[in-house]
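Here is a short report on one protein model. Keep the sequence and the 3D view open as you read.

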Amino acid sequence: METILLKNGLILTQNKNREILKGDILIEGNKIKEVGKEINEKADEIFECNDKLIFPGLINAHTHVAMSLFRGYGEGLPLHKWLTKKIWPAERRLTKEAVYWGSMLGMLEMIKSGTTCFNDMYLVGIKEMGEAAKKLGIRGFISEGLFNGVEEKSVEEHIKKGIRSIKEIKELKSELVKPIVSCHSVYSSSEELIRKAKELADKEGLLFHMHASETRKEVFDLMKSKGKRVYEYLQEIGAFDRNTLLAHGAWVSKREILLAKRYGPTIAHCPISSLKLATGGIGPVAEYLQEGVNVTLGTDGPASNNSLNMMETMKMTALLQKHKYWNPTIIKEQDIWDMATLNSAGFFGIESGSIETEKNADIVIADRKNANLVPMHDPRSVIYNINAGNIRNVIINGEWVLKNGEFKKVIPTEVVEKTEEFSKKITENTDGT
Ligand SMILES: [Zn+2]
């Protein structure tokens with residue numbers, strides 16, 4: 001097996017004791033074999049990291065990566081108008097090929113900003129998104145977001161779509177790309193569809209993922225139609241357990257936070273898209289954490305963010321919680337690192353999220369002598385000042401995906417050109433009128 005020895009790096013390990021070490025990392029095959037002050041074993045490759053900060057790959061727990069095709073499209077419109085006049089008409093023109101290139105572009109952006117794993121739901125081109133992830137060598141959990149409107153119609157047909165997309169992703173036979181089951185939301189998926197989709201996930205031994213409590217309107221509409229708040233409703237219909245990931249979870253009551261504590265779903269906090277769509281509520285991350293609820297971080301799609309940069313999301317999470325509670329100590333920088341790495345790895349059941357023996361070699365190597373990172377009194381605090389320009393080296397599953405600033409598996413200029421071409425095709429003359 002190929003071995004790589006990373007020498008003399010400053011390592012934010014995220015191990016059990018959350019140690020920060022100056023030392024070496026030995027990678028053998030796809031795993032981390034050893035981490036220590038000085039490793040004197042021979043290796044096929046030695047990579048000097050004296051001026052580097054090394055941390056575990058970040059995990060983007062909720063996104064719609066192909067929406068990079070719509071980045072900046074219809075900017076500045078109110079949400080409903082933006083969706084009905086711009087995004088939905090353009091999405092109706094989406095082709096599988098467009099999704100392939102748009103996804104790949106988004107994945108390049110994620111890798112360049114330190115993300116090595118992502119969780120996605122989208123409406124078309126699921127297989128193509130999987131193919132793009134496989135080609136690039138990034139970890140991905142990929143699904144079709146099932147929705148049928150709030151009335152019970154064609155549930156079986158939608159479940160069949162879910163089954164088909166699971167099959168398509170499994171057929172890729174990739175170690176890195178895995179299926180998950182998703183419903184879009186309580187306002188766009190019927191009760192029966194959510195029940196059946198969750199049953200499908202359980203039957204297949206897969207995780208379940210949906211948007212929940214993103215907006216006040218969603219909460220009030222459900223109160224009106226079902227007489228329940230979103231978490232209460234999901235719990236009653238069987239979609240609120242340890243294998244469930246709820247994106248946003250922002251408009252929730254204290255009672256719902258306690259329900260989450262009791263039943264164990266994971267929350268994917270996506271603060272930037274909530275800010276941009278002006279949904280009002282800032283997710284109560286600090287309260288979730290105080291109750292021991294598992295919280296992860298996501299960018300959401302690049303049409304409502306507009307980037308896929310998890311480092312921005314880490315910074316925004318810290319700032320918003322401090323601001324929301326008028327308390328600069330309400331959340332620690334260490335909590336932010338945990339949310340972006342270990343909490344997600346735990347939910348997705350992957351041996352990633354920390355730099356320790358036997359873990360997957362999903363590793364980000366940043367240039368720490370760049371002006372914006374100097375001095376570095378506490379490496380954990382780089383969440384406030386690191387940017388994608390600092391990252392020129394990324395290893396996923398023991399393989400170089402980005403090395404010395406160069407992507408190893410694709411030609412980025414081709415991806416950029418193709419995405420621009422397809423984006424133009426599907427958005428041209430789409431004013432929805
Ligand atoms: Zn979303």
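Which protein donors hold the zinc ion? They are His62 (NE2), His64 (NE2), His211 (NE2) and Asp300 (OD), lying 2.1 to 2.3 Å from the zinc ion. Donors here are N, O and S atoms within 2.8 Å of the metal (3.2 Å for Na, K and Ca); water is not among the atoms, so sites may look incomplete.

This is a predicted model, where local features need pLDDT of at least 70 and side-chain atom pairs count only at pLDDT 80 or more, while totals for chains, interfaces and linings use all residues. Residues are numbered from 1 along each chain as its sequence is written, and side-chain values use heavy atoms, with hydrogens and water left out.

**The zinc site**

The angles among the four donor atoms run from 85 to 170°, and the site is irregular. Four donors count as tetrahedral if all angles lie between 85 and 135 degrees; four count as square planar and six as octahedral if opposite donors are over 155 degrees apart and all others between 65 and 115; anything else is irregular. For comparison, ideal angles are 109.5 degrees for four tetrahedral donors.

Along the sequence, the donor residues follow the spacing H-x1-H-x146-H-x88-D. His211 sits in strand β11 (residues 208-212), and Asp300 in the loop between β14 (295-297) and α11 (310-324), so this pair ties together parts that are 89 residues apart in sequence. Helices (H or I, at least four residues) and strands (E, at least two) are DSSP runs, numbered from the N terminus.

**Buried or exposed**

Buried means under 20% relative accessible area, exposed over 50%, and partly exposed in between (1.4 Å probe, protein chains only). Here are some residues by that scale.

| Residue | Relative accessible area | Class |
|---|---|---|
| His211 | 4% | buried |
| Asp300 | 4% | buried |
| Cys117 | 1% | buried |
| Cys183 | 0% | buried |
| Thr313 | 0% | buried |
| Lys424 | 54% | exposed |

Thr313 belongs to helix α11. Its C-alpha atom is 18 Å from that of Leu245, 68 residues apart along the chain. Lys424 belongs to helix α14 (residues 412-427).

Helix α12 (residues 333-340) is mostly covered, with six of its eight residues buried. These are Gln334, Ile336, Trp337, Asp338, Met339 and Ala340.

**Cysteines**

How many disulfides are there? The count is zero, taking a disulfide as a pair of cysteine sulfur atoms within 2.5 Å. Cys117 is in no disulfide, and the nearest cysteine sulfur, that of Cys270, is 14 Å away. Cys183 is in no disulfide either; its nearest cysteine sulfur is also that of Cys270, 17 Å away.

**The largest pocket**

The largest pocket holds about 1200 Å³ of space. A pocket is an open set of points on a 1 Å grid over the protein atoms alone, where a 1.4 Å probe fits, with protein on both sides within 12 Å along at least five of seven lines; lining residues have an atom within 4 Å of a point. The volume is the space filled by probe spheres set on the points.

Of the 36 lining residues, Leu83, Trp88, His184, Tyr187 and Ser188 are closest to the centre. Elements giving two or more residues are α1 (79-91), β7 (115-122) and α6 (216-226). Helix α1 gives the most, with seven residues. By type, the lining divides into 16 nonpolar, 12 polar and eight charged residues.

Notes
Ala, Val, Leu, Ile, Met, Phe, Trp, Tyr, Cys and Pro count as nonpolar, Asp, Glu, Lys and Arg as charged, and the others, Gly among them, as polar.
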